[in-house]
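Please take a moment to look over the model below before reading on. The paragraphs that follow lead you through a ligand and its surroundings, then a single residue, and then a sheet.

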Amino acid sequence: MTKPLVAIVGRPNVGKSTFFNRMAGKRVSIVEDVPGVTRDRITVDTEWLGRAFTLIDTGGIDPKSEDALLSQMREQAQIAMDMADVICFFTDARDGLTDDDRDVANMLRKTKKPVLLVVNKADTLALNDAMYEFYELGLGDPFAISSVNMLGFGDLLDEIIRYFPADTASPEDEEEIIQLAVVGRPNVGKSSLTNRLLGENRTMVSDIAGTTRDAVDTLFTDADGTRYNIIDTAGIRRKRSVEEETLERYSVLRSIAAIRRCDVALLLLDARDGVTEQDTKIAGLIRDEGKGVIVIVNKWDAVEKETGTLEKYQKQVLSDLKFISYAPVLFLSALSGQRVQNVFPKVREVYAAASRRITTGVLNDVLADAVNAVPPPMQGGRRLRIYYGTQVSVRPPSFALFVNDEELMFFAYERYLENHFRKAFDFPGTPIRFLLREKKKES
Ligand code: GDP
Ligand code: GDP
């Protein structure tokens with residue numbers, strides 16, 4: 001089930017990331033933080049009054065960019081309008097209204113989506129008077145908040161969730177259609193691969209409109225009768241005159257909607273470039289969203305090879321993409337069609353792994369093995385105890401572990417457990433999650 005997406009837009013320094021981080025709170029779990037990989041979070045899952053949603057900071061993508069500020073803001077606003085369910089337009093009470101604010105507001109007024117005007121840095125009541133000039137923007141009543149002090153969040157969040165679609169049960173689960181997203185930087189070969197996949201296996205193709213302007217959906221059944229919906233983000237190549245480099249940066253943001261809707265993502269790399277920063281960001285998103293992933297090294301035909309090239313290359317890719325080191329890697333050429341036939345079988349494998357259910361009995365045997373082989377380390381004279389575990393969901397496989405004290409679970413040990421599980425159960429291409437539940441032992 002896809003959670004509603006709430007986008008934060010606004011010029012730099014109005015406090016967008018402060019708000020974002022406050023909302024993230026401590027929900028950003030240790031499991032997701034892999035040492036040695038620093039990466040800004042672009043989205044965060046959070047909730048208000050029991051309604052789960054995802055916040056996306058469209059401004060967080062690249063503050064160092066040298067593009068003109070206004071064109072950056074416009075691009076961000078456009079992305080928000082294309083894919084968000086609710087848009088929060090951030091301004092600054094201390095600066096007052098600026099020309100850039102007016103310009104972006106002009107764009108935002110044209111969308112049919114709900115736009116909430118947020119005036120941040122209203123730290124004191126005195127600043128509430130500064131609110132009036134913001135009515136000029138024609139975006140309704142401003143919400144005065146202070147991100148630093150977490151003031152005014154309640155009213156804003158109440159309003160945000162009012163616009164969410166009624167709780168949607170997920171009908172997709174009944175009909176097995178594997179949602180497959182084809183993502184990557186511009187020009188890595190997404191359209192070429194999509195065409196190959198459809199061309200060589202076509203039994204039925206129908207184009208249906210994507211839910212956002214960022215992707216084209218194609219329903220498709222392969223020779224085995226497996227059904228796929230291919231979510232092609234190649235449409236990201238926009239007609240407007242956006243520079244190549246800008247396009248590349250925003251391709252990360254634009255792939256979010258497709259990633260959120262998919263079961264398995266094909267992350268395409270250009271073999272000639274290796275892993276770039278944008279690739280890393282997209283990989284991080286796929287992991288954060290809990291989706292299956294296959295890394296595809298495309299344009300393999302264009303690389304000079306000798307014995308061992310492939311093995312070396314594969315090692316390097318997985319080391320560059322540490323936090324998805326469980327991903328299968330395929331080397332192929334969308335241009336010549338070489339090894340394209342391996343894609344669908346791999347997708348089925350990853351989908352099956354992500355959907356696997358482990359019985360509680362077997363799970364606890366493996367857990368006991370793990371703990372016996374390497375007991376949790378002591379901490380301040382106390383030791384983590386894991387009483388038992390049970391699988392609570394699939395896609396991704398998620399396991400509740402009942403423990404004496406969740407504070408005693410450390411990253412390294414969780415990593416160890418994950419590796420042990422992967423060895424025992426084989427989960428190619430899918431993240432797995434541990435959810436800690438404290439069980440006070442009656443003593
Ligand atoms: P962004 O560029 O929009 O993401 O802005 P940041 O979140 O990086 O914030 C820019 C600056 O404004 C930082 O120095 C923040 O500490 C400050 N700031 C953010 N929110 C508030 C607020 O509510 N009140 C005050 N006084 N300062 C804030
Ligand atoms: P997209 O922007 O990711 O959809 O990329 P395209 O599918 O439009 O491909 C971009 C360019 O790369 C085109 O000129 C393709 O012909 C070329 N290309 C795609 N796949 C391959 C490949 O496997 N090998 C080589 N040499 N070129 C490729």
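A polar contact is a pair of N or O atoms within 3.5 Å, and within protein one of the two must be able to donate a hydrogen and the other to accept it, while residues adjacent in sequence count only if both atoms are side-chain atoms. With that in mind, look at ligand 1, where an oxygen atom lies 3.0 Å from an N or O atom in the side chain of K121. An oxygen atom of ligand 1 is also 2.6 Å from a polar side-chain atom of T18, and in the case of S147 a backbone N or O atom lies 2.8 Å from an oxygen atom of the ligand. Taken alone, ligand 1 exposes 580 Å², of which the protein buries 72%; such accessible areas come from the Shrake-Rupley method with a 1.4 Å probe.

This is a predicted model, in which local features need pLDDT of at least 70 and side-chain atom pairs count only at pLDDT 80 or more, whereas totals for chains, interfaces and linings use all residues. Residues are numbered from 1 along each chain as its sequence is written, chains are lettered from A and ligands numbered from 1 in the order in which they are written, and side-chain values use heavy atoms, with hydrogens and water left out.

Ligand 1 is surrounded by 15 residues, the closest being N13, S17, T18, R94 and D123, where a residue counts as near if one of its heavy atoms lies within 4 Å. Helix 1 (residues 16-24) gives the largest share of this shell, with three residues; helices (H or I, at least four residues) and strands (E, at least two) are DSSP runs, numbered from the N terminus.

D92 belongs to strand 4 (residues 86-92). Is D92 buried or exposed? Its relative accessibility is 2%, so D92 counts as buried, a word that means under 20% relative accessible area with a 1.4 Å probe and protein chains only.

Elsewhere, three strands form an open sheet in the order 16-17-18, with mixed pairing. Strand 16 (386-393) and strand 18 (433-438) stand at its edges with a single partner strand each, so one side of each has no neighbour in the sheet. Strand 16 and strand 17 (residues 398-403) run antiparallel and are joined by six bridges, and two strands pair if DSSP finds at least two bridges between them. I386 has V403 in strand 17 as its bridge partner.

Conventions. Buried < 20%, exposed > 50% of the residue type's maximum accessible area, 1.4 Å probe, protein only.
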